[in-house]
Amino acid sequence: MNRVVASALIAAGALTLAGCGFTPLYGDPAVTAQLHSVQVTTPPGRTGQLIREHLDDALANAKGQPPKYRMDLALSETRYPRGLRVDNVATRYEYVLTASYTVVSVTSGAPVKKGSTRAQVTYDSADQPYASITAQQDAQDRAAAECARLIQLELAAWLAAQGKS
């Protein structure tokens, strides 16, 4: 009985969305193709490399094809102690990564979009040095992945709006 009700609700939801003109963001092949044509340049360093890897995966960078856009990234990292012991030693940290980007048209050299994303993650600081370093590096990776995801969504929404105007 529950499967019948669930199937009916899913079918009704699909018909409702189809009738209202809803189109998925990636339903337009032009948006996906333009996402592929964004070349990412990042500042040197571990976090720059991490966010570049995540953006290359998220944008499915088309190797071998000339880029249509170039994205220049500037990163800002801060770390705040959050959990303090009685002896005033931090046991937990908040890591904040801010990624500001400028998308430039390769043909004209003019900036076409600017934006900024921010990711906050927390991690434990252990008494063992290796565990603390590993936790901090994991926090950097998680924040870079979140910023890359947010940038991908902002670019896809912007490109979809460009295609409709």
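Contact here means heavy atoms within 4.5 Å. The model is predicted: local features need pLDDT of at least 70, side-chain atom pairs count only at pLDDT 80 or more, and totals for chains, interfaces and linings use all residues. Residues are numbered from 1 along each chain as its sequence is written, and side-chain values use heavy atoms, with hydrogens and water left out.

**Exercise 1. Describe the surroundings of Glu 94.**

Step 1. Locate the residue: Glu 94 is found in strand S3. Strands (E, at least two residues) and helices (H or I, at least four) are DSSP runs, numbered from the N terminus.

Step 2. Check burial. Buried means under 20% relative accessible area, exposed over 50%, and partly exposed in between (1.4 Å probe, protein chains only). Glu 94 has a relative accessible area of 11%, so the residue is buried.

Step 3. List the neighbours. Leaving out residues up to four places away in sequence, Glu 94 touches Thr 78, Arg 79, Tyr 80, Arg 82, Gln 120, Val 121 and Thr 122.

Step 4. Pick out the polar contacts. Such a contact is a pair of N or O atoms within 3.5 Å; within protein, one must be able to donate a hydrogen and the other to accept it, and residues adjacent in sequence count only if both atoms are side-chain atoms. The Glu 94 side chain makes one with the side chain of Arg 82 at 2.7 Å and one with the side chain of Gln 120 at 2.5 Å.

**Exercise 2. State how S3 is joined to S2 and to S4.**

Step 1. Apply the rule: two strands pair if DSSP finds at least two bridges between them.

Step 2. Take S3 and S4. These are antiparallel too, with 13 bridges. Their hairpin also has 5 residues between the strands, and Gly 109 in its turn has a positive phi of about 80 degrees. Tyr 93 stands opposite Tyr 123 in S4.

**Exercise 3. Find the aromatic pairs and classify them.**

Step 1. Set the rule. Rings of Phe, Tyr and Trp (its six-membered ring) pair if their centres lie within 6.5 Å; planes under 30 degrees apart count as stacked, over 60 as edge-to-face and the rest as tilted. The count comes to 2 aromatic pairs.

Step 2. Tyr 69 and Trp 158 are 5.8 Å apart centre to centre with 70 degrees between the planes, an edge-to-face pair. Tyr 69 lies in strand S2 and Trp 158 in helix H4, so the pair ties together parts 89 residues apart in sequence. Tyr 69 is buried at 11% relative accessible area, and Trp 158 is buried at 15%.

Step 3. The ring centres of Tyr 93 and Tyr 123 are 5.7 Å apart and the planes lie at 20 degrees, so this pair is stacked. Tyr 93 belongs to S3 and Tyr 123 to S4, so parts 30 residues apart in sequence are tied together. Tyr 93 is buried at 13% and Tyr 123 at 5%.

Step 4. Look for a charge over a ring, meaning NZ of Lys or CZ of Arg within 6 Å of the ring centre and within 35 degrees of the ring normal. The charged end of Arg 79 sits over the ring of Tyr 93, 4.1 Å from its centre.
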